[in-house]
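Please walk through this protein with me, one contact at a time. Keep the 3D view open as you read.

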Amino acid sequence: ADVQAFEDNDHNKFILLYCFGVSIALKKSILMRESKFFRSEFEEGGSGNVKGVSKEASSITKSFQLIGYHPTAFMAIFTHMQGFPQIMNSTTKFEIFKDMLRLCFAYGIDYTDEIAAHLDVTEVSMEVLVDAFMTGKVLSTISGSEERADNLNEKCRALAGLNLASWQHMLNFISDRENIDPAIEIIGTLCDQKNCVIRHLISDLQRQKK
């Protein structure tokens, strides 16, 4: 990238953001207006040394590599920032919602209510139960979103309760995925004193992991 094209003194210059092979250029003035992180970065001459941002890229070229996010979520947030909400509005996958929320939280972008409104009308099924549950966990960390997070997690808990009513169903649910930890955590939400079967299953699974 051309270093002179990213001079801090000119808010009309473009800043390059990229994530897993996709990139977008936004005016510095837009980034500063919409993102607390970027506003602080450019006003204070920060180094970009925060989780999820490549320090080397930001300090040398004034381009930023956003690490650890789904590229569709990345494009949804930053095209929305340019005034094009189509990707965000057409999203139906919880894994995308989750990373959009993570981006908003990490970079101080106030789109949480818009994303949560889409979550409210997105159906939770067994096929996406883990993604929906993990999305609810991210949502619960964002101030003002706790009630919506509780509603989403209650949907997940109710669905799990209906569909994981036997040992075999629970074992199939867990064994069908590469990372079993979220699945075990979902089953754990069903665990109470009245459901000893689930409690014993969780204990057995935890012993097997050690």
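In this predicted model, Leu129, Val130, Phe133, Met134 and Lys137 of helix α8 touch Pro182, Glu185, Ile186 and Thr189 of helix α11. Sort these residues by class, and you get six nonpolar, one polar and two charged. Helix α8 covers residues 129-140, and helix α11 covers residues 181-189. Their axes come within 10 Å and cross at roughly 75 degrees. Angles from 65 to 115 degrees count as roughly perpendicular. That is why α8 and α11 are called roughly perpendicular to each other.

Turn next to helix α6 and its contact with helix α7, residues 112-120. Here the axes come within 10 Å and cross at roughly 165 degrees. An angle over 145 degrees counts as roughly antiparallel, so α6 is roughly antiparallel to α7. The crossing is left-handed. Which residues make the contact? From α6 come Phe94, Phe97, Met100, Leu101 and Cys104. From α7 come Thr112, Ile115, His118 and Leu119. Seven of these residues are nonpolar, two are polar and none is charged.

Helix α6 also packs against helix α4. Helix α4 spans residues 71-81, and α6 spans residues 94-107. The angle is about 55 degrees, and the axes lie 8 Å apart. The two helices are therefore oblique to each other. This time the crossing is right-handed. On the α4 side, the contact uses Thr72, Ala73, Phe74, Ala76 and Ile77. On the α6 side, it uses Ile96, Asp99, Met100, Leu103 and Cys104. The contact holds eight nonpolar residues, one polar and one charged.

Strands of a sheet pair through backbone hydrogen bonds, either parallel or antiparallel. Strand β1 (residues 14-19) pairs with β3 in the parallel sense, over three bridges. With β2, strand β1 pairs in the antiparallel sense, over six bridges. Strands β1 and β2 form a hairpin, with two residues between them. In that turn, phenylalanine 20 has a positive phi of about 50 degrees.

In β3, the bridge partner of leucine 17 is phenylalanine 64.

Stay with phenylalanine 64 for one more step. The structure holds 10 aromatic pairs. One of them joins phenylalanine 64 and phenylalanine 38, edge-to-face. Their centres are 4.9 Å apart, with 85 degrees between the planes. Phenylalanine 38 lies in helix α2 (residues 36-44), while phenylalanine 64 lies in strand β3. The pair therefore ties together parts that are 26 residues apart in sequence.

Methods
Residues are numbered from 1 along each chain as its sequence is written. This is a predicted model: local features need pLDDT of at least 70, side-chain atom pairs count only at pLDDT 80 or more; totals for chains, interfaces and linings use all residues. Side-chain values use heavy atoms; hydrogens and water are left out. Axes are lines fitted to C-alpha atoms, for helices over the stretch in contact, and angles run from 0 to 180 degrees between N-to-C directions. Helices (H or I, at least four residues) and strands (E, at least two) are DSSP runs, numbered from the N terminus. Angles under 35 degrees count as roughly parallel, over 145 as roughly antiparallel, 65 to 115 as roughly perpendicular and the rest as oblique. A crossing is left-handed if the near helix is turned anticlockwise from the far one by less than a right angle, and right-handed if clockwise. Contact means heavy atoms within 4.5 Å. Ala, Val, Leu, Ile, Met, Phe, Trp, Tyr, Cys and Pro count as nonpolar, Asp, Glu, Lys and Arg as charged, and the others, Gly among them, as polar. Two strands pair if DSSP finds at least two bridges between them. Rings of Phe, Tyr and Trp (its six-membered ring) pair if their centres lie within 6.5 Å; planes under 30 degrees apart count as stacked, over 60 as edge-to-face and the rest as tilted.
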